[in-house]
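Please read them with the structure open.

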Amino acid sequence: MNKPLRRVAIFCGLLMLALLVRNNWIQYAQADKLRTDEKNRRVAIERYATPRGDIIVDGEPITGHKATGGDFAYKRTYKNGAMWAPVTGYVSQAFGANQLESIEDGILTGNDDRLFFRNTLDMLTGKKKQGGNVVTTLSGAAQKAAYNGLKKQGGKGSVVALEPSTGKILALASYPSYDPSTIAGNSLETDAKAWQKLQKKNNPDDPMLNRALREVYPPGSTFKVVTAAAALEHGMVEDADQKTDTPLPYIMKGTTTELKNDGDLDCKDASLRQALRVSCNTVFGKLGTDLGNDKMLETAKKFGFGEEHFTPVRTSSSLFDKDMEPSQVALSSIGQFNTAATPLQMAMVAAAVANNGTLMKPYMVDELQTPGLDTIEKTDPEKFSEPLSPENAQILQSMMETVVNDGTGGNAKIDGVTVGGKTGTAQHGENNSKNPYAWFISYAKSDDGSAPVAVAVVIEDENAVRGDISGGGLAAPIAKSVMEAVLKSKE
């Protein structure tokens with residue numbers, strides 16, 4: 001063979017070798033990646049080839065499935081979809097999935113490795129593969145009370161209810177909401193139109209925003225519970241009824257600016273109980289300044305600020321700043337300046353106080369089940385921290401109960417039930433120009449002294465008369481209805 005032909009042969013041989021290497025690389029090394037790639041239509045066809053398992057509340061499914069007759073054999077359906085959307089999320093043939101529908105997709109589709117033995121048996125017996133179930137901690141009665149309360153109010157808002165002793169999420173409502181069925185798989189054209197209507201750029205109400213977990217607000221005076229806890233834990237105050245050294249007016253340290261109260265309140269040298277009862281900015285602003293940034297931040301972190309929580313849906317992180325000037329610490333200690341919290345976070349604050357100082361990790365999945373209802377995985381309650389000693393928690397409980405019995409939280413009273421709470425009206429916008437947020441956090445006790453429920457409610461009503469906005473007026477009645485629903489379900 002002459003030299004030019006030999007070179008051509010070698011070159012062709014190298015090309016063949018490259019093709020073989022490439023082919024083997026695709027077939028073996030990248031096989032799993034290609035098999036599971038979202039752009040691989042076979043993945044979606046497989047996902048919707050069998051009935052999807054259900055998300056369960058109170059032993060009953062809040063989801064379902066429907067045969068379509070198309071390439072995607074089944075589509076997801078929802079019961080009271082708008083009410084449960086912050087819990088379930090959506091699963092859409094066109095737009096994927098989010099929240100529980102996404103996080104527990106393997107169980108719900110039946111593709112989770114923990115269902116391998118069950119799927120193998122079904123294959124041998126000729127039974128069609130089925131998805132498993134996700135059993136939630138939610139209370140149907142509490143969720144209904146929360147959602148209907150928000151809907152009746154008419155503005156934007158959110159409610160979170162927790163079981164303080166375990167961290168179980170009992171209610172997780174957000175309003176305005178949306179029905180996941182409208183984008184589940186009706187037709188590409190119909191779903192695309194529905195999807196566009198739900199996007200924030202087209203809908204300022206942003207109905208797909210999970211306000212309970214993903215939105216952060218200035219918590220306003222509800223944060224004074226955290227400041228009171230810091231003062232008790234760090235020994236600055238030992239008795240709820242001892243007078244504080246608080247002048248009136250109070251000029252914030254390092255400034256010539258007065259920190260004002262909301263009205264003509266009896267706040268001069270007020271006790272911690274009196275200050276929480278009427279919501280004295282001066283007392284809590286000075287306490288925060290005297291404690292200092294580091295101690296306030298330490299206590300806030302123990303309550304969960306500064307962390308993303310996984311319920312298993314990821315939450316936004318609540319914020320209490322570090323390296324602040326004394327005046328900024330004063331404002332932050334009354335829930336203003338840069339302090340920001342999710343409704344879940346403020347429910348955690350109330351729950352820790354109600355649970356005698358122990359904060360449990362919040363969660364909403366109680367267990368995962370096979371299609372045959374056998375338990376695959378069970379969630380055990382887990383302690384997050386101890387922001388308060390039992391003694392100091394009980395002092396703070398007595399203060400919060402005074403707020404409800406003889407203070408700004410009277411609209412949360414329940415006959416024959418001990419209720420503790422704290423109202424909040426949080427300013428926001430440039431120069432506080434926008435309507436404030438109305439907050440209420442609370443807990444209710446049973447006859448045995450245990451607290452089966454803690455609640456946080458936040459209302460944003462841009463159309464309300466500014467003077468009519470208050471945590472006690474707008475948010476407390478909703479919290480009351482949620483607490484009543486939980487207490488009734490325990491009877």
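Are Glu460 and Arg211 buried or exposed? Both Glu460 and Arg211 are buried. Keep in mind throughout that this is a predicted model.

1. **The Glu460 and Arg211 pair.** These two residues form a salt bridge, with 3.5 Å between the closest N and O atoms. The pair ties distant parts of the chain together: Glu460 sits in strand β18 (residues 453-460) and Arg211 in helix α10 (residues 211-214), 249 residues apart.

2. Ser158 belongs to strand β8 (residues 156-163). Its relative accessible area is 0%, so Ser158 is buried. The side chain of Ser158 reaches the backbone oxygen of Ala173 at 2.9 Å. Leaving aside neighbours within four places in sequence, Ser158 is in contact with Arg211, and also with Leu150, Ala173, Ser174, Ala212, Pro343, Ala456, Val457 and Val458.

3. **Other salt bridges.** How many salt bridges does a search of the whole structure find? The search finds 18 salt bridges. One of them joins the side chains of Glu189 and Lys193, at 3.5 Å from N to O. Both residues lie in helix α9, 4 residues apart, which is about one turn of the helix. An α-helix has 3.6 residues a turn, so residues three or four places apart point the same way. Glu189 and Lys193 are both exposed. The Glu460 and Arg211 pair, in contrast, is buried.

4. **Glu386 and Lys383.** The side chains of Glu386 and Lys383 also meet in a salt bridge, at 2.9 Å from N to O. Glu386 has 46% relative accessibility, so it counts as partly exposed. Lys383 is partly exposed too, with a relative accessible area of 46%.

5. **A charged network.** Salt bridges also link several residues into a network. Its members are Arg52, Asp54, Arg76, Glu101 and Asp105.

6. **The disulfide.** Which cysteines form a disulfide? Cys267 and Cys280 do, with their sulfur atoms 2.1 Å apart. The whole structure holds 1 disulfide. The torsion about its S-S bond is about -85°, so the disulfide is left-handed. Cys267 is in the loop between β11 (258-259) and α12 (272-278), while Cys280 is in the loop between α12 and α13 (281-291). The two are 13 residues apart. Cys267 counts as buried because its relative accessibility is 0%. Cys280 counts as buried as well, at 0% relative accessibility.

7. **Helix α11 and what follows.** Helix α11 (residues 224-233) is mostly covered, with 9 of its 10 residues buried. Among the buried ones are Lys224, Thr227 and the run Ala228, Ala229, Ala230 and Ala231. Just after α11, Gly235 takes a positive phi of about 75°.

8. **Cis peptide bonds.** Two places deserve a look at omega. Tyr175 and Pro176 are joined by a cis peptide bond, with omega about 0°. Pro176 is in the loop between β9 (168-175) and α9 (188-198). The bond from Leu248 to Pro249 is cis too, with omega near 5°. Pro249 lies in the loop between α11 and β10 (250-251).

9. Where is Asp323 found? Asp323 is in the loop between α14 (293-302) and α15 (326-332). Its phi is near 55°, a positive value in a residue other than glycine. Asp323 is exposed, with a relative accessible area of 72%. Leu373 is not a glycine either, yet has a positive phi of about 75°. Leu373 is found in the loop between β13 (365-369) and β14 (375-378). Leu373 counts as exposed because its relative accessibility is 52%, and the cut-off is over 50%.

10. **A nonpolar patch.** Ile10, Leu14, Leu17 and Val21 make a nonpolar surface patch of about 390 Å². Val21 lies in helix α1 (residues 3-29). With a relative accessible area of 52%, Val21 is exposed.

Note on methods. Residues are numbered from 1 along each chain as its sequence is written. This is a predicted model: local features need pLDDT of at least 70, side-chain atom pairs count only at pLDDT 80 or more; totals for chains, interfaces and linings use all residues. Side-chain values use heavy atoms; hydrogens and water are left out. Buried means under 20% relative accessible area, exposed over 50%, partly exposed in between (1.4 Å probe, protein chains only). A polar contact is a pair of N or O atoms within 3.5 Å; within protein, one must be able to donate a hydrogen and the other to accept it, and residues adjacent in sequence count only if both atoms are side-chain atoms. Contact means heavy atoms within 4.5 Å. Patches are made of residues with over 30% relative accessible area and no salt bridge: like charges are joined within 9 Å, nonpolar side chains (Val, Leu, Ile, Met, Phe, Trp, Tyr) within 5 Å. Accessible areas come from the Shrake-Rupley method with a 1.4 Å probe; for residues, only the protein chains shown count as cover. A salt bridge is a side-chain nitrogen of Lys or Arg within 4 Å of a carboxyl oxygen of Asp or Glu. A disulfide is a pair of cysteine sulfur atoms within 2.5 Å.
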